[in-house]
Amino acid sequence: MTSSTPAAQPVAGAPAPDLAGVPPDGPGTADVEEAPPEHRRRKILILLLLLAGFALLVGLAIWYLLFRQPIPVPTIPGETVMPGYVSSIYGASRPMGVAVNAAGDRVYVGATAGEQTALIFDAGGNEVARMLPPKSTGDTHVPVYLAVNPVTSEVYVSDRPTASIYVYDGQGTFLRTFQPPADVKGWQPLGMAFDAAGNLYVTDVGQVPNVVRELDPSGKQVRVLGATAGLNFPNGVALDTAGHVYVTDSNNGRLLVFAQDGTVVATVSRGIGKGNLGLPRGVAVDQQGRVYVVDTSGNSVFVYGQYKDGATALEFLGSFGTEGVANGTFAYPNDIAVDARGRLYVADSANDRVQLWSY
């Protein structure tokens, strides 16, 4: 037999429960006290901070659009920020030389293997044209270094087997062969750079001693640098806005800085110490005055400060890249170029690519 206890029932006549103070919609819906003033101030402060952050982002965007320059990054005192890897351009076999126009939307690369042709890529890494040498010069060509004339936007390509410099327009159409002065014998042009006036600087390795020649647009020689400096297979050449000329004296393992009067005013030597070089090849200077030197044997790019009057050496700021095949690593890099926005293009020769780095 089972039994159950009946549920409690209200007793007839018992007084109703006292519901006084309980709101009609149940507990929890009573009037909320107004937030104290400090809470309102905190909300206003947060709102102002958000607005300030938005204004900062708008300001940085305007800076980028107006000046097309890298936005300065604040650093910890004593720390120098190095650029970071962005992307790679493939399609050129064993690229030794690289140049870029100011906007960075045309990248010029010399492929020294495969078809051994100078190629043009757009900013997305797509091949858009080839810079073919004149047929009258034969079938053997090896484009090594390239440079863009800032005045005409013409592209100069040094060709080692023919000891020539071929000139193209920005779209890759052959225009002419650059002729050296008639009294220059054994001309073997290699690295090239332009100053703001359109004068061409060429490392000439065809004679002993090797020299750097400054030539005006017509081919007239303006001056010769390094005749007494003992240059041995100089490769890269670059200029800063003050007119100093930076030359990688490759087989001597050093970087030389020439003043406007042609004297050597600073040197970075070969060695194993901090900032010392091994086998320097390409060199470039950005608009901030930073000097970039490709160290082929070290599989890195070394970064130095701009030459300062009275100094005997350059300040070593750091380096980027290590040996390897992954993104951001190098295998015998050979050249470097920089566009007007401070982006760096490195000819990563043995990895068959050009790497883009940026701050």
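Good morning. Ala-313 sits in the loop that joins strand S20 to strand S21 (316-320). Leaving aside residues up to four places away in sequence, Ala-313 touches Ala-266 and Thr-267. Its C-alpha atom is separated by 9.7 Å from that of Leu-255, a residue 58 positions away along the chain.

The protein chain has a mean pLDDT of 88, and 84% of its residues reach 70 or more. Two stretches call for caution. Residues 1-24 have pLDDT below 50, and this stretch has one contact in the model beyond near neighbours in sequence. Residues 63-77 also have pLDDT below 50, but here the model shows 17 contacts beyond near neighbours in sequence. Where pLDDT is low, the predicted coordinates should not be read in detail.

Let me turn to the overall architecture. The secondary structure of the chain comes to one helix and 26 strands. Of the 359 residues in the chain, 45% are buried. Among contacts with a separation of 6 or more, 45% are between residues 24 or more positions apart.

Next, the nonpolar cores. In soluble globular proteins, nonpolar side chains tend to be buried together. Which residues touch the most other members of the largest nonpolar core? They are Tyr-246, Leu-255, Val-291, Tyr-304 and Leu-314, in a core of 15 residues. At least two residues of this core come from each of strand S16 (254-258), strand S17 (264-268), S18, strand S19 (291-295) and strand S20 (300-304). Val-291 illustrates the packing in detail. Setting aside neighbours within four places in sequence, Val-291 is in contact with Tyr-246, Leu-255 and Tyr-304, and its other partners include Val-283, Val-285 and Phe-302. A second, separate core has 14 residues, among them Val-100, Ala-111, Phe-121 and Leu-356.

Asp-339 lies between S24 and strand S25 (344-348). Is Asp-339 buried or exposed? Asp-339 counts as buried, because its relative accessibility is 5%, and the cut-off for that class is under 20%. Apart from neighbours within four places in sequence, Asp-339 is in contact with Val-100, Asn-101, Ala-102, Gly-104 and Tyr-345. Asp-339 and Ala-99 are 240 residues apart in sequence, yet their C-alpha atoms are 8.7 Å apart in space.

I now come to the pockets. The largest pocket holds about 1,000 Å³ of space. Its lining comprises 43 residues, and those nearest the centre are Val-148, Pro-150, Phe-194, Val-285 and Val-338. Val-285 is also one of the contact partners of Val-291. Several strands give at least two residues each to this lining, including strand S2 (95-100), strand S6 (143-148), strand S10 (189-194), strand S18 (280-285) and strand S24 (333-338). By class, the lining has 25 nonpolar, 11 polar and seven charged residues.

The second largest pocket has about 290 Å³ of space. It is lined by 17 residues, with Thr-117, Met-131, Leu-132, Pro-133 and His-141 nearest its centre. Strand S7 (155-159) and strand S8 (164-168) are the elements that give two or more residues to this lining. The lining divides into nine nonpolar, four polar and four charged residues.

Finally, some points of backbone geometry. Where is the cis peptide bond located? This bond runs from Val-208 to Pro-209, with omega near 5°. Pro-209 itself is placed in the loop between strand S11 (200-204) and strand S12 (211-215).

Arg-94 has a phi of about 50° and is found in the loop between strand S1 (84-90) and S2. Its relative accessibility of 35% means that Arg-94 counts as partly exposed. Phe-233 has a phi of about 60°, and its place is in the loop between strand S13 (221-225) and S14. Phe-233 is likewise partly exposed, with a relative accessible area of 21%.

That concludes my presentation. Thank you.

Conventions
Residues numbered from 1 in each chain as written. Predicted model: local features only at pLDDT ≥ 70, side-chain atom pairs only at ≥ 80, totals over all residues. Heavy atoms only, no water. pLDDT = per-residue confidence, 0-100. Contact = heavy atoms within 4.5 Å. 1 Å grid on protein atoms, 1.4 Å probe; cavity = no way out; pocket = protein on both sides within 12 Å on 5 of 7 lines; lining within 4 Å. Points joined across faces, edges and corners; volume = space filled by probe spheres on them. Helix = DSSP H or I, 4+ residues; strand = E, 2+ residues; numbered from the N terminus. Nonpolar A, V, L, I, M, F, W, Y, C, P; charged D, E, K, R; others polar. Core = buried A, V, L, I, M, F, W, Y, C linked by side-chain atoms within 4.5 Å. Buried < 20%, exposed > 50% of the residue type's maximum accessible area, 1.4 Å probe, protein only.
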